[in-house]
Amino acid sequence: MSQVSELGASMPRLEASAKATGVARYTADLAFPNMLHGAVLMSTSAHARIKSYDVSAARALPGVRAVMTGADIPRKRFGLMIADETALAIDKVRYIGEPVAAVAAIDRETALAAAELIQVEYEDLPGVFTPDEAMMPDAAIVHETFAAYPKNFDCIADGNAISIAQVLSGDPDEAWAEADVVVEGVYETQAQYHAYMEPVAAVADVDGLGRVTVWSSTQSVFRTQICIAEALDLPRAKVRSISPYVGGGFGGKSEPGVQIIAALLARETGRAVKVVLSRQEDMMMMRSRHPARIHLKTGARRDGTILVRTGSVVMDGGAYADDSPAAMHMVLHFLRGPYRVPHLRFDGRVLYTNKLRAAAFRGVGNAQATFACESQIDELARKLSLDPIDLRLRNVLQQGDSWLGKHPIGSASIGECLQRVRSESNWDARRAALAEAPTSKSGKRRGLGVSSVVYTCAYLSTSAIVRLLDDGTVTIATGAVDIGQGSDTAIAQMCAAALRLPVDSVNIVQADTDATPFNSGTNASRITYMLGQVIAQATDDIVSQLFPHAAELLECSVEDVELVPGGRVAIKGVKERFVSFADCSRRAHFKAGGPIIGRGSYVFRVEEPDTELTINKGMMSLAAIGTYVFGAQVVETEVDEVTGKVEVVEAWSAHDVGRAVNRQAVEGQIEGGLVQGIGFALMEELVWSDGQLTNPSFMDYKIPCSLDAPENIHAIVIENPEPTHPFGVKGIGEPPVIGIAPAVGNAVEHAVNVRVRQLPITSERVLRCLLDRGS
Amino acid sequence: MARPKIRNELRFILNGEDVALSDVGPDETLLDYLRLRRSLRGTKEGCAEGDCGACTVLVGKLASGKLVYENVNACIRFLGSLDGCHVVTVEHLRGEGGSLHPVQQAMVDFDGSQCGFCTPGFVMSLYALWMRSPDPSVAAIEKALQGNLCRCTGYEAIVRAARAISRYGQAAKDPLATERKRVAARLAAIRDGSRVEMGEGKRRLVVPADVDDFASVLDKEPAATIVAGSTDVGLWVTKHMRDISPAVFIGGLDGLRAISEVKGLVTIGAGVTYSEAFSTLAKRIPALGPLFDRIGGEQVRNMGTIGGNIANGSPIGDTPPPFIALGATLTLRRGKKRRTIPLEEFFIAYGKQDRRPGEFVEAVHVPVPAKGSHFAVHKVTKRRDEDITATLGAFHLTLAKNGTVASIRIAYGGMAATPKRATAVEAALLGKPWTEAVIEAALPAYDLDFTPLTDMRATAEYRQLAAKNLLRRFFAETSGTKAPVMVTRQEAA
Ligand SMILES: Cc1cc2nc3c(=O)[nH]c(=O)nc-3n(C[C@H](O)[C@H](O)[C@H](O)COP(=O)(O)OP(=O)(O)OC[C@H]3O[C@@H](n4cnc5c(N)ncnc54)[C@H](O)[C@@H]3O)c2cc1C
Ligand code: FES
Ligand code: FES
């Protein structure tokens, strides 16, 4: 392994100036000669059988080139874990906003006007709009043919359930007897919209051979390729998927947006077709975070030692499964928190309802679990009159502990993270001072709250191909999509560090299924960790091919050469006697051996958990779940007793990142995630009324703006190099979002002595609790 | 009135280029024009309703002969409003010697961009701020960025970039500054005193030559849509696909843009934007400063007018309640005829105002509160800023020497179908001592004054409770007692 001493510095993103000058091209900015524009007709019914279509008026509108409905597309279903979706509804619609028909026309106005002219006759069916309704014995069934859908995991389900799962460890039933105190509560989290700034978009084109190329706003060019191929009944090789710049994703663009619709229209018309959703369409058609209701119970000894925890979880999956089983898994996996919990049992059920599909969102499942877990830890601390951080420290996982059934946790730095936020926030003195301060004259009080954070990074597989060009620079292809989190820059930095090249000698290939090797997608904070693994392999591969050329040119033995900075290979210890990468590569290109190409492939795997110690039903394999990442967050909030309004005034966020590849980018991830967490905690919520989304706009769905961000965010980067990783890094994409909601809830309780167990913690909910509290 | 010259062409400057258009519909937005007709795709669309700022561009306009550049939302700005303006998009920014512009270089160096989709919009808002104030405070930066949403960065890095811009260059040497005179002259030449008129049927667009011309146009076409800042009308088009033809664009009429004060009465022309009104109002009626800071974002404040905020008759417009509490009057005009009415009488019912065919709002007259009287406005929203009101209360109190209430006017937004006075509450307070007991005794009167609705911004119950609490806060602020407000504790008891 070559030295990595150049890592860790702050550097601007490679593409920063393209973004700042506006020349960076996003999907909606692409234009092709003769390109058509698409529009999508959304279902107006939450649950109905489609009786008939009348598209004659739409077809007759001048400028219209194609009108397609579910009757015109292959009856092929696709889906990440359960193949239950079609690109346009077939036979039935299952939520208001579901794509029912699509139009391609010479411009967007014409396409929209034509879509309005399509008549669809529905036979309305009773709908189920909440998990409770979905679980009723006589509930309408959202997917009658569920049993026949192909699935790629151990699916347990009945009725409207998408997945039923359980995690069990120890003997919880017995353990309650030993508990001196028990706390119990029901915690509810809401549907949060991803609110990436770039609405979903795709451009599709076909060539004379029927091959489809799609440029789209996606987190995974490969998932896009797979879904298009499955939906259009094409072999993979007939579909090429490319991502231009992507304007954010946060999980919402992992699975398809409108790519399949664009591809269908392109195939129908033989022309390039662009489909760009409006904000309203995006909100009605795409995805949200899974709403969850978690009933949680924890038992502990008087000294605060946690003995047992049990919980049951009901989640709303919406009309299609997407990655709901995985989200369910994540909730159950993380409900214990980063603590020693000898006895636990968690049961979960995620259900179909007639609403927008729920899907992964930064901190999938974990954000819901952590709100319940970390709120309840504070409730326990209160009951025991213990300091919340003291109680956590008493129970945190220690080095050598395992998760479930000996599942290894890597560096167990949760204690260190808690200590850091404690000292940096001056927790003890600040908490005492705030508690004693009188309510301000205008009715405001402040409080301080904490949350632990644990997550994993590193699912699924990744690969890389590094090519040494004849001038000694390198080109690296990984298939990873940079959705703004900065992976392209991290790739270049790691590759440059491994080869001891300047960063600008590394060229990154844009994610393209034709040009880059497999990468399962930018999600689950996996990218930097996974890419580091394959970059290390691929660059080692390069070095092993490079050295023989260098040795030949330097007339010495292969054992006697080494890499020196600046793209050179020198005789060990004699750095003046060197040849450049260019010298070696030219020799390889034109004289001997052929061009140098390095490759790396990786899939995360540890041992399966010991089934003697834990039972996991309906869950994904724990062996692939990745390495653990720890953090801790503290917030100071101000509560206005007049209006109930809560503001976060200062925040501390400490994360063990293993090793920061680019410090500035890591801080950016922490700050950005934290502010998203504030949105989740305080204001964001999609609201439906009888299946109709009532707030599909930024006017009515509020995400934090500059003034909602705390005046001071302290990003605390802790570096304990990850032993399983060649560069020592761990993922940091998601953890910063996770602990904010419970930390805010805990701070609100500290400030005004009320516990809000339902997100978001709106003015209205706080005021209601204040009323109930009385004086 | 002498009929002005007619021009069948809209003229403005786009970046460095003179543009003349004769085929513009009244509902064509600047954003579509830039992206579709001009392939200037650095300006993005994130919402098409003025909320996200991804479409931010600068518009330079002549105000009393001076060229002022402001950041605006291209998505809800119509081409018809741009006659005689200079439109500057992100593509126009250049640094010295072909380098990055200082604003862009700061964004690059401070990692102000992650996915980058919001970045051109932020660059333009920062550019406007930097030209106005090269060394801004953090508070000024956050205020300037209120109308730009970023989902990736958490804003911190952008604020750091904003503070550093002047390290990369001098605002005074920026091309927009050095060419100001030349551009102003070009714009003055465009504004040749003619009326711009084009199209018919669904594509009719008129830009009157001046206020008198506007009055006569509207007199002849009373059904025309008046478009001022288009922060409401823009959404009718982009969101509700409404037909606004014929549309009369009045945003450029100097005659509606004056603010003056005579004997404690501030007269604000209907075309005065929030931004333009801010300095005068914040100085003369300080309680309005923070309120104006919280209306929309910078872009909306630069476009939206006081006249539009009143004329739209919305129950959640932010300016009517404080103006009503202050006893403001409104001047309406048709042709040459004017009438002036108490502002609260303008609002008849939901969607119904006392505006007769052919009439328009010309000005609002706001009395400055007398020395020694108390005036306060409190706005309750879901998000801290750039958010529409759930409930807003405005209070204007004068106490007699003996400590009793000599006069009180209370008006609310968001509590009824129109902005409305709390007359029963006022009656319960008038003449009584200004004490906590009296306040508490007056609270039930809210139920006589208001039966608010439940919507996605708030439930009826919350609105009523928050409205009452605002009176308690006003009491705590004016009573001089040290005690904290007894808010919810009392309610529960
Ligand atoms: C993102 C965003 C945030 C906003 N936030 C707020 C907020 O916090 N508080 C708030 O109060 N408002 C808010 N608004 C609403 C808006 O800014 C105001 O209502 C604005 O004052 C309207 O003024 P305008 O000049 O833009 O009106 P326009 O949109 O041009 O017109 C509005 C209406 O008034 C009529 N009109 C305009 N001028 C006249 C006149 N002189 N005589 C007769 N009729 C006339 C028009 O025909 C139309 O019916 C927001 C809007 C947006 C897009
Ligand atoms: S596109 Fe969002 S404000 Fe214009
Ligand atoms: S950088 Fe992605 S929205 Fe701002």
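**Note on the predicted two-chain model**

1. Start in chain B with a strand pair. Strand β13 (residues 329–334) of chain B runs antiparallel to strand β14 (residues 337–342) of chain B, and six bridges join them. This is a predicted model. Within the pair, Arg333(B) has Arg338(B) of β14(B) as its bridge partner. The two strands make a hairpin, with two residues between them. Gly335(B) sits in that turn and has a positive phi of about 55°.

2. β13(B) has another pairing to look at. Strand β17 (residues 360–367) of chain B pairs with β13(B) in the antiparallel sense, over five bridges. Here Arg333(B) stands opposite Phe360(B) of β17(B). So which residue of β14(B) is the bridge partner of Arg333(B)? That is Arg338(B).

3. β17(B) leads on to the ligand. The shell around ligand 1 takes at least two residues from each of β9 (225–227), α12 (298–303), α13 (306–311) and β17 of chain B. α13(B) gives the largest share, four residues. In total, 28 residues surround ligand 1. The closest are Gly50(B), Gly229(B), Gly308(B), Asn309(B) and Ala311(B). By class, the shell has twelve nonpolar, 13 polar and three charged residues.

4. Next, a helix in chain B.

5. How far can chain B be trusted? Its mean pLDDT is 93, and 96% of its residues reach 70 or more. Residues 488–493 of chain B are the stretch to watch: pLDDT stays under 50 there. The model has 13 contacts for these residues beyond four places in sequence. Where pLDDT is low, predicted coordinates should not be read in detail. For the complex, the predictor gives an ipTM of 0.96 and a pTM of 0.96.

6. Now the contact between the chains. It takes 67 residues from chain A and 66 residues from chain B. On the side of chain A that touches chain B, the elements giving two or more residues are α1 (16–20), α17 (663–682) and α20 (763–773) of chain A. The largest share, eight residues, comes from α17(A). That side of chain A has 29 nonpolar, 25 polar and 13 charged residues.

7. Chain A has an open sheet of six strands. Its order is β8-β13-β14-β15-β7-β24, with mixed pairing. β8 (181–189) and β24 (614–617) of chain A stand at the edges; each has a single partner strand, so one side of each has no neighbour in the sheet. Neighbouring strands are turned by 5° against each other on average, direction ignored. Strand β7 (residues 161–169) and strand β15 (residues 343–352) of chain A run antiparallel and are joined by eight bridges. Ser163(A) has Val350(A) in β15(A) as its bridge partner. Helix α10 (residues 366–383) of chain A lies across β8 and β13 (292–300) of chain A, at about 145° to β8(A).

8. An open sheet of four strands is also found in chain A. The order is β19-β18-β17-β23, again with mixed pairing. At the edges are β19 (506–508) and β23 (597–603) of chain A, each pairing on one side only. The twist averages 20° from one strand to the next. Strand β18 (residues 474–477) of chain A runs parallel to β19(A), with three bridges between them. Thr475(A) has Asn507(A) in β19(A) as its bridge partner. Helix α15 (residues 527–554) of chain A lies across β17 (461–468) and β23 of chain A, at about 150° to β23(A).

9. Two cis peptide bonds deserve a check. One joins Leu759(A) and Pro760(A), with omega about -10°. Pro760(A) is in the loop between α19 (740–752) and α20 of chain A. Another joins Ser245(B) and Pro246(B), with omega about -10°. Pro246(B) is in the loop between α9 (233–238) and β10 (247–249) of chain B.

10. Asn34(A) has a phi of about 70° and lies in the loop between α1 and β1 (36–42) of chain A. Asn34(A) is exposed, with 10 other C-beta atoms within 10 Å. Tyr155(B) also has a positive phi of about 70°. Its loop runs between α4 (138–144) and α5 (156–164) of chain B. Tyr155(B) counts as buried because it has 28 C-beta neighbours inside 10 Å.

Key
Residues numbered from 1 in each chain as written. Chains lettered and ligands numbered in written order. Predicted model: local features only at pLDDT ≥ 70, side-chain atom pairs only at ≥ 80, totals over all residues. Pairing = 2+ DSSP bridges. pLDDT = per-residue confidence, 0-100. Contact = placed C-beta atoms within 7 Å. Nonpolar A, V, L, I, M, F, W, Y, C, P; charged D, E, K, R; others polar. Near = placed C-beta within 6 Å. Axes fitted to C-alpha atoms, helices over the stretch in contact; angles between N-to-C directions. Buried ≥ 20, exposed ≤ 12 C-beta atoms within 10 Å, placed from the backbone.
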